[in-house]
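Welcome! Take a moment to look over the sequence and the model, and then we can walk through them together.

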Amino acid sequence: MSIAMRDLRWLVLPALLLTLLLVTLGQQARAQDATTGEATPGQEAAFAVPAVDADTWRQIRSGEIDANFRDSRADSTYNLINASGEGWRQIRDRWVSPFGAIAILGMLGVILVFYLVVGRQRLDEPRTGRKLLRWPVLDRALHWSVASLFILLGLTGLMLLYGKALLRPVFGDGAWAGLMTGTKTLHNYLGPLFAIMLLLVLARFLRHNLPRRHDLTWLRQGGGMVGKGHPDAGFANAGEKIWYWLLASVGLVVVISGLVLDFPNFNQARDTMQWANVIHALGALGLTAVALGHIYIGTIGTEGVLEGMTHGYVDESWAKQHHNLWYEEVRGRTDEAPPEETKHDAPSASRPPG
Ligand code: HEM
């Protein structure tokens, strides 16, 4: 008896899997019924609608015939034909999708031309081998969490917007439908996580990004591309501050509109969600374009910057060239106290001059 009971354990897993499969199939069948409008036996009476001609439908759409009904979810009244939904579709197809394509492809083009014409910003002076702590481990963990989530949300968001036109013809209907279901689920679940991580990053990096008078000079000199010498910059330069404040404004708008879409159970009306969708997409596409610029500057665009965000330390030459005021500040601190914030790579390294 006891052996038989133990053997039964091996049946539990397949039984659970089978149940799961059946439940899923059942749900799919029900969803299919709902989308095709096919009546199950006994429901015929509910679907029996008197035949109406095209003119009648036109009158319903224009409101000449009163065919309003109340939405079960929201406290609003809708026409039998949702004309505002068609309006939303047109805004999405005529404005949002082209805006995204122009912003993102345009930015890639600008980066390519900039790279070919100006090239990589190299270090003016050779590396000293003396390293300054720039991004402690908590900052790096926050940065890479928010960056990975942003990239995943960006890719899945782009698939939701352009997938039908670009991926459906390549993968075929079945595979595309599966891909889109996974994409949508991932996008929906990662959104709230991104919201939390973004708030943490904004709170943690705020102290570096308060505006200063020298930021205006930095901008006027195009970060050192116009005029002679490198303009003053503290821990963050004006370009980084603009990126930060874009995340703190547009980023939060994207997050809030995303949450409006993610949680339709707060009685928000359909029109609210349509507007939330347009605002969410425009904001996210704009930020994606700017993020490409940030990624370029943070990798191949500037020599010596990425190691700060990967290992935490930057070379003293880089700090002096790009963030002179911060360099002076750290140097002042390390001159007074034992150099906690400096690390010596090369055995021959000496303390900063001065
Ligand atoms: C592969 C993608 C990315 C790379 C390689 C990258 C690289 C970097 C690097 C090297 C820095 C440090 C710059 C410095 O030391 O001055 C930095 C800073 C920063 N990054 Fe990224 N990043 C990426 C994606 C992102 C994304 C997607 C976001 C936002 C959603 C983001 C937000 C930030 C912020 C807020 C800062 C700090 C700016 C400041 O407040 O001073 N990064 N990034």
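## A charged pair on one helix

Arg89 counts as partly exposed, at 38% relative accessibility. In this predicted model, Arg89 forms a salt bridge with Asp93, and their closest N and O atoms are 3.1 Å apart. Asp93 is partly exposed too, with a relative accessible area of 35%. Both residues sit in helix α4 (residues 83-117), four residues apart, which is about one turn of the helix.

## Bridges across the chain

The structure holds 14 salt bridges. One of them joins the side chains of Arg127 and Glu307 at 2.9 Å, N to O. Arg127 lies in the loop between α4 and β3 (130-133) and Glu307 in helix α11 (residues 306-310), so this pair ties together parts that are 180 residues apart in sequence.

Glu316 forms a salt bridge with Arg130, with the closest N and O atoms 2.8 Å apart. Glu316 is in helix α12 (residues 316-322) and Arg130 in strand β3, so parts 186 residues apart in sequence are tied together. Glu316 is buried, at 1% relative accessible area, and Arg130 is buried at 9%.

## The iron site

Which residues are the protein donors of the iron atom of the ligand? They are His143 (NE2) and His294 (NE2), lying 2.0 Å from it. His143 belongs to helix α5 (residues 137-166) and His294 to helix α10 (residues 270-298), 151 residues apart. The site is octahedral, with angles of 88 to 179° among its six donor atoms. His143 is buried, with a relative accessible area of 15%, whereas His294 counts as partly exposed at 34%.

## The whole chain

The protein chain has 13 helices and five strands. Of its 354 residues, 32% count as buried.

Notes
Residues numbered from 1 in each chain as written. Predicted model: local features only at pLDDT ≥ 70, side-chain atom pairs only at ≥ 80, totals over all residues. Heavy atoms only, no water. Donors = N, O, S within 2.8 Å, 3.2 Å for Na, K, Ca; no water. Tetrahedral: all angles 85-135°; square planar, octahedral: opposite > 155°, others 65-115°. Helix = DSSP H or I, 4+ residues; strand = E, 2+ residues; numbered from the N terminus. Buried < 20%, exposed > 50% of the residue type's maximum accessible area, 1.4 Å probe, protein only. Salt bridge = Lys/Arg side-chain N within 4 Å of Asp/Glu carboxyl O.
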